[in-house]
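Welcome! Please take a look at the structure below, and then walk through a short briefing on it.

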There are 4 protein chains.
Amino acid sequence: MVTTDFEAIEAVRHDLRDFATRNDLSHVVVVNLASTEASRVPHAAWQRLEDLDAALARGGDILPASALYAYATLAEGFAYVNFTPSVGSRLPALCELAIRTGAVHTGSDGKTGETLVKSVLGELFARRNLRVLSWFGQNILGNEDGRVLNDPLHKASKIRSKDQLLPKLLGYAPETHVGIDYVPSLGEWKIAWDHIHFEGFLGGRMSMQFTWNGCDSLLAAPLVLDLVRLVELAHRRGERGVFAAAASFFKDPMGTDEQRLVAQDEALLAWIARR
Amino acid sequence: MVTTDFEAIEAVRHDLRDFATRNDLSHVVVVNLASTEASRVPHAAWQRLEDLDAALARGGDILPASALYAYATLAEGFAYVNFTPSVGSRLPALCELAIRTGAVHTGSDGKTGETLVKSVLGELFARRNLRVLSWFGQNILGNEDGRVLNDPLHKASKIRSKDQLLPKLLGYAPETHVGIDYVPSLGEWKIAWDHIHFEGFLGGRMSMQFTWNGCDSLLAAPLVLDLVRLVELAHRRGERGVFAAAASFFKDPMGTDEQRLVAQDEALLAWIARR
Amino acid sequence: MVTTDFEAIEAVRHDLRDFATRNDLSHVVVVNLASTEASRVPHAAWQRLEDLDAALARGGDILPASALYAYATLAEGFAYVNFTPSVGSRLPALCELAIRTGAVHTGSDGKTGETLVKSVLGELFARRNLRVLSWFGQNILGNEDGRVLNDPLHKASKIRSKDQLLPKLLGYAPETHVGIDYVPSLGEWKIAWDHIHFEGFLGGRMSMQFTWNGCDSLLAAPLVLDLVRLVELAHRRGERGVFAAAASFFKDPMGTDEQRLVAQDEALLAWIARR
Amino acid sequence: MVTTDFEAIEAVRHDLRDFATRNDLSHVVVVNLASTEASRVPHAAWQRLEDLDAALARGGDILPASALYAYATLAEGFAYVNFTPSVGSRLPALCELAIRTGAVHTGSDGKTGETLVKSVLGELFARRNLRVLSWFGQNILGNEDGRVLNDPLHKASKIRSKDQLLPKLLGYAPETHVGIDYVPSLGEWKIAWDHIHFEGFLGGRMSMQFTWNGCDSLLAAPLVLDLVRLVELAHRRGERGVFAAAASFFKDPMGTDEQRLVAQDEALLAWIARR
């Protein structure tokens, strides 16, 4: 029976090795597609691998589930992709681990709907020098993700991930609000309404609204398939550590501050074309 | 009294020279901000300057008003900017004239609202490989432009300009519709509703809508000011003919097929930084 | 072979009688659910039954298809429901025929979506004394009805039916526009966007928008079933001529000028409860 | 200095009498237009006037500010209108007081925007037998009311008032959500987005959205003026206690469960016509 974080990691490592052996695989890619974890206070041992290993050896509740899986994956030298806003491999100690074992990892939080649109519209407002006064976004969804996000602690992780985009795109921080609410009748559908209030020439105030009506899984699935192929390619090319070229796939990309979709995508295309 | 196109051009040239002299100017920038002209059948003499001059010399109705002004401006070596979907300086014969006199010119049709949004959203759908099935856009506006566009012949010029964007952005032609209707109560406001129907993974169909609520003049004015400064800079840098670096300002840019806003804007920034 | 309107009516009467006999029916209800007919210039013989019969006897193209079926149905004493904006039984001569044969009939144009919403929102604006300045409605649909309405002559019939509502609800005529466009990718779906510009206290201008996302057939089918039962009940109650109590079902009701949905529905409930 | 609820009531009564004397008025109408109070736990003494008076005599914090003003007004026999979702004169003890002194009072919470639209659309869905699955409403506003409602305790009062409408209109309780958020840049404007998910024939699922873009004060002011005139008329007609005929003005009307706007308005018109 698993009672400590250390034992949990060992159990997952065992399962991963077993999976590779049974399927005759030289390399495995692990993708986190679980519902968003509850937000939690950072632990002092998250910063350095040495401290983290010491804390794990002492026992106790040090890492959230997503980071336990990330640790196990990276320790085996396998690739890890965090498609959620959960902690995953984002901790400095885990980044250190990946470099050491030569594992590739990336994340986090798949950019499939409202934030995807935001990432091109935000750039439009910046390039046209139309000052965004407020950007109010409201998401309603009916699937299991929506049910989990209805819990304020889980919602906090998601909103943090969705809300850090605009200041980076605009160069200043407008009034923003990101709401997420669970509406069971919607089932697999996720509907977002965004209202953007902006100021143009001579202080004239105007607005724009959009409604996005998407099916979460249909939008996520092809991104997940591409990510698996891309991190595998990165592994074969001998890369190690954070795979930053995948930024266009994520709301909160690792290894770069670039949030403009076109620039992210061009960087990916350039990486792919390279050899 | 002006009775032929030739005499009209001479009269405008005289006015432009007179304006320059009275204000002690070495160079003048002319911007076409008139309401959209009626669409008309191309004239055989529009293709080559030699033919155009011969036709003008014979007399008759050969050029629309916008092109008469463009001819006069370019003939004086002055800069011409076409902020409307009217013909302006777009005719091959006038491009030839500009090269000959060393005049700078650009256009056409200021990209201020619905098409501006389209130019970034269209690229988003292309880059995410979400297939656009149909894109229905409806504009309502209450100003003089709206009144003029209510005439089917004038509307045809505008719709052609607004509707050629998507195939270039997407690489295929979805079902499209661009409606423009005059709603006097709206005054200076221009409201656009766009409905985009698209197909994702496994043929799943989803949709997006947006409403743009803008004040036409407040959106156009700063673009016009920047265009004047940019074509003047191009003139001082010794450029001649079509000024293609201004593509991001226009729905139907001259001298380039690039319709992606970010690429257009990067090209402009590169041109500005150059020396 | 049928060559005149008179022969066409005789052929339909024969088919109706034959249908009744084969199915052992004492009464038949005919519902017009065909796509909207092209609009046509009224014929002088439409006003009085005597003139119509004389014209039919002389031969020639006097009635549109919908009216031929209505004539045949009413002549047999059967009930006729016009669920389309086509002419149907609306002609004074056919109303006269229904009274003579004791047939019940009603229409026209099922109120299933945009106009349904309009009929309650329009009343809201009237009761709150908020002055509607303009009401712009745009419908897009992808089914066979949409394909037929793409023809300007057919569209004219539909728009007339949809656009006569607001002046009756409001007591004055605001600027209005009703657009209908065919967007094949939408299939069975019909999407309407309405923008309402209105004026409140001290001339303050505000607006409201709605989008209706409905499936035409799912909205129409239960209305058709109820109409069949209601006109049959009216027939059994011994009513004859226009059945005005069905006004709530139609965009352009027969036998009443009442356009307010609640009042229409209350009138129907009162009629049902009667006896 | 005022230290108890009893003294506060006495002070307001003194001010009201003084105001009447200075302006030579025989009757005064008090309207509560303050921002929404924080929600609070009901006090046992709110049910009967005898208990309330005893509790007030003993001292202590028994009534919220809105009820102190209501008590003072009704005790003087003056009319009281509660245009907010605060407690006001809604307490059974205060209703008893009004009957005793012959004062007229009504409320509560002016129906000016989103809920106004809800009250006619909800009835539409009920009458057409389209089953509402979920109704999600989100309000954003920038004025002082928005600032106060940003406090969860104050927001709770408002949401309770806005959210009790649909079950009464529909006869069943769909999934509902009413959000209110403060977006300072909007100033006096209040924007509501509502998404309605409904089920039609054979379980077919469809949806409707609306956006309301109103100026709160311009919508409220004429209602307040009419209410003052109506309660004054009720007073002159010798009515006493709750003035239920004003239901159409309120989100949470007193003295009636009727929530359908047309029925409310017809009741008011009938009351006015009566003599």
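At 58% relative accessibility, A:Asp257 counts as exposed, where exposed means over 50% relative accessible area, buried under 20% and partly exposed in between (1.4 Å probe, protein chains only). The side chain of A:Asp257 meets that of A:Lys168 in a salt bridge, at 3.6 Å from N to O; a salt bridge is a side-chain nitrogen of Lys or Arg within 4 Å of a carboxyl oxygen of Asp or Glu.

This is a predicted model, in which local features need pLDDT of at least 70, side-chain atom pairs count only at pLDDT 80 or more, and totals for chains, interfaces and linings use all residues. Residues are numbered from 1 along each chain as its sequence is written, chains are lettered from A and ligands numbered from 1 in the order in which they are written, and side-chain values use heavy atoms, with hydrogens and water left out.

**Chain A as a whole**

- Chain A has 10 helices and 8 strands; helices (H or I, at least four residues) and strands (E, at least two) are DSSP runs, numbered from the N terminus.
- The radius of gyration of chain A is 20 Å, close to the 19 Å that the globule rule gives for 275 residues, so chain A is as compact as a globular protein of that length. That radius is taken over C-alpha atoms, and the globule rule is 2.2 Å times the number of residues to the power 0.38.
- Along the principal axes, the C-alpha atoms of chain A fill a box of roughly 65 × 45 × 35 Å.
- Of the 275 residues in chain A, 59% are buried.
- Among contacts in chain A with a separation of 6 or more, 73% come from residues 24 or more positions apart; contact means heavy atoms within 4.5 Å.
- Chain A exposes about 11,000 Å², with carbon and sulfur atoms supplying 54% of it. Accessible areas come from the Shrake-Rupley method with a 1.4 Å probe, and for residues only the protein chains shown count as cover.

**Salt bridges**

- Over all chains, the structure holds 84 salt bridges.
- A:Asp51 forms one of them with A:Arg48, with the closest N and O atoms 3.7 Å apart. Both partners are partly exposed: A:Asp51 at 30% relative accessibility and A:Arg48 at 42%.
- In chain C, the side chains of C:Arg229 and C:Asp226 meet in a salt bridge at 2.6 Å, N to O. These two are 3 residues apart in helix α9 (residues 216-236) of chain C, so they are separated by about one helical turn.
- C:Arg229 counts as exposed at 57% relative accessibility, while C:Asp226 is partly exposed at 30%.
- A network of salt bridges links A:Glu123, A:Arg127, B:Asp265 and B:Glu266.

**A buried arginine in chain D**

- D:Arg128 is found in the loop between α5 and β4 (131-141) of chain D.
- Although buried, D:Arg128 has no salt bridge, and the nearest side chain of opposite charge, C:Asp265, is 5.8 Å away. Here Lys and Arg count as positive and Asp and Glu as negative; His and the chain ends are not counted.
- A polar atom of the D:Arg128 side chain lies 2.8 Å from the backbone oxygen of C:Lys111.
- Not counting residues up to four places away in sequence, D:Arg128 touches C:Lys111, C:Leu116, C:Leu223, C:Ser248, C:Phe249 and C:Leu261.

**Backbone features in loops**

- A cis peptide bond joins A:Gly107 and A:Ser108, with omega about -5 degrees. A:Ser108 sits in the loop between β3 (104-107) and α5 (114-127) of chain A.
- In chain D, a cis peptide bond joins D:Gly107 and D:Ser108, with omega about -5 degrees.
- D:Asp109, in the loop between β3 and α5 of chain D, has a positive phi near 75 degrees. D:Asp109 is buried, with a relative accessible area of 1%.
- B:Asn129 has a positive phi near 60 degrees in a residue other than glycine, and counts as exposed at 68% relative accessibility.

**A helix residue in chain A**

- A:Ala70 lies in helix α3 (residues 65-75) of chain A and is buried, with a relative accessible area of 0%.
- A:Ala70 and A:Val30 are 40 residues apart in sequence and 8.3 Å apart in space, C-alpha to C-alpha.

Definitions and conventions. A polar contact is a pair of N or O atoms within 3.5 Å; within protein, one must be able to donate a hydrogen and the other to accept it, and residues adjacent in sequence count only if both atoms are side-chain atoms.
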